[in-house]
Amino acid sequence: MNPIFIDLGFIQIYWYSITMLLAILTGSFLFYKVLKKKKISEFDITNILFYAVLFGIIGARVYYCLFNLDYYLKYPLEILEVWNGGLAIHGAILGGFIAIVFYCKKHKINILKITDAASFSVIIAQAIGRWGNFFNGEAHGGITTLETLKNMLIPNFIIKGMYIDGNYYLPTFYFEFLWNLIGFIVLFTIYKKYKNLKTGMLTGLYFMWYSFGRFFIEGLRTDSLLISNISLVVLITIFILLILFMLYKRYRKIDKKTFIISSVVVLILGILIILIFRNDLNYIRVAQFVSIMLFGIGLLITIYNSKDTRIRRLEMRE
């Protein structure tokens, strides 16, 4: 598969860049339309989009480079070569989320109202962006057979694209594309059908849906980011605990004991599942670890939103 869309001699335009641009434009269009209906000003929408996309791209690249630090320390100029791939979606989510939080805090905008609009906007962008991996011949699974791919009803053009260096490979990028596409349909249907849906529910459902599928698809990939230093696990865990603390601050009416117990359970389950599905005795797949944590955060957001709603109803009755 030729990764170059057009070669003008003095500049080359890659398919990866085209798919990323299409993904950003599609997600931004949906994001804009939804927030306009929620009476968020055009000024705020465009600013949030600008910062979220900017820091999302930066976060995606920094995240990827950090987990390939030895290589990029040897070839630092390649850090800028994003057209060759190397944008980690978890880094994009983190970067975009931080940008949204800071902007909303400064301008006193409901953060979860913004992330709800971003939920199905981001997941359809993720679905489109996966095709960039197809053109780059990356994010695929292990070696398989032509017969297996045909039995899985994989389109012929994908099968041809997955014939790399004399072998056929599982198109895990395609599996994730389908999972994200179905997730978009589910989330958007919920948004359209349930007009009185509690703010934050779509955010929680997005984290759970995407993380659940990504966890299992990641186990099939051969190019996963791996961690072998326990200090990295500690740093990620500290970050997740900070997120959980932020959730507690947001839902402080929830019983503190319940919050602490559920948070500890999520962390323990995440670590146990990762140990079961780890690559070998020395390495753990980063994406699987983060997926479990994000799934837990999504679950907590969903549960606490429903509890918060019941608490407010009780207070109104009193």
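How much accessible surface does the chain have, and what percentage of the surface belongs to carbon and sulfur atoms?

1. Surface. The accessible surface of the chain is about 17,500 Å², and 68% of that area belongs to carbon and sulfur atoms. Accessible areas come from the Shrake-Rupley method with a 1.4 Å probe, and for residues only the protein chains shown count as cover.

2. Basis. This is a predicted model, in which local features need pLDDT of at least 70 and side-chain atom pairs count only at pLDDT 80 or more, while totals for chains, interfaces and linings use all residues. Residues are numbered from 1 along each chain as its sequence is written, and side-chain values use heavy atoms, with hydrogens and water left out.

3. Overall make-up. Twelve helices and seven strands are found in the chain; these are DSSP runs numbered from the N terminus, with helices being H or I of at least four residues and strands E of at least two. Of the 318 residues, 46% are buried (buried means under 20% relative accessible area, exposed over 50%, partly exposed in between, with a 1.4 Å probe and protein chains only). Among contacts in the chain with a separation of 6 or more, 76% are between residues 24 or more positions apart (contact means heavy atoms within 4.5 Å).

4. Sheet. An open antiparallel sheet of three strands has the order β3-β5-β4. Its edge strands, each pairing on one side only, are β3 (143-144) and β4 (163-164). Strand β5 (residues 167-169) runs antiparallel to β3 and is joined to β3 by two bridges; two strands pair if DSSP finds at least two bridges between them. Opposite Thr144 stands Tyr168 of β5.

5. Nonpolar patch. Phe50, Tyr51, Leu54, Phe55, Ile58, Val62, Leu66, Leu69 and Leu73 make up a nonpolar surface patch with about 830 Å² of accessible area together. Such a patch takes Val, Leu, Ile, Met, Phe, Trp or Tyr residues with over 30% relative accessible area and no salt bridge, their side chains joined within 5 Å. A salt bridge is a side-chain nitrogen of Lys or Arg within 4 Å of a carboxyl oxygen of Asp or Glu. The elements giving two or more residues to the patch are α2 (42-66) and α3 (69-74), and α2 gives the most, with seven. Leu69 lies in helix α3 and is partly exposed, at 41% relative accessible area.

6. Cysteines. The whole structure has zero disulfides, a disulfide being a pair of cysteine sulfur atoms within 2.5 Å. Cys65 counts as buried because its relative accessibility is 8%. Cys104 is also buried, with a relative accessible area of 1%.

Notes. Patch = residues over 30% accessible without salt bridge, like charges linked within 9 Å, V, L, I, M, F, W, Y side chains within 5 Å.
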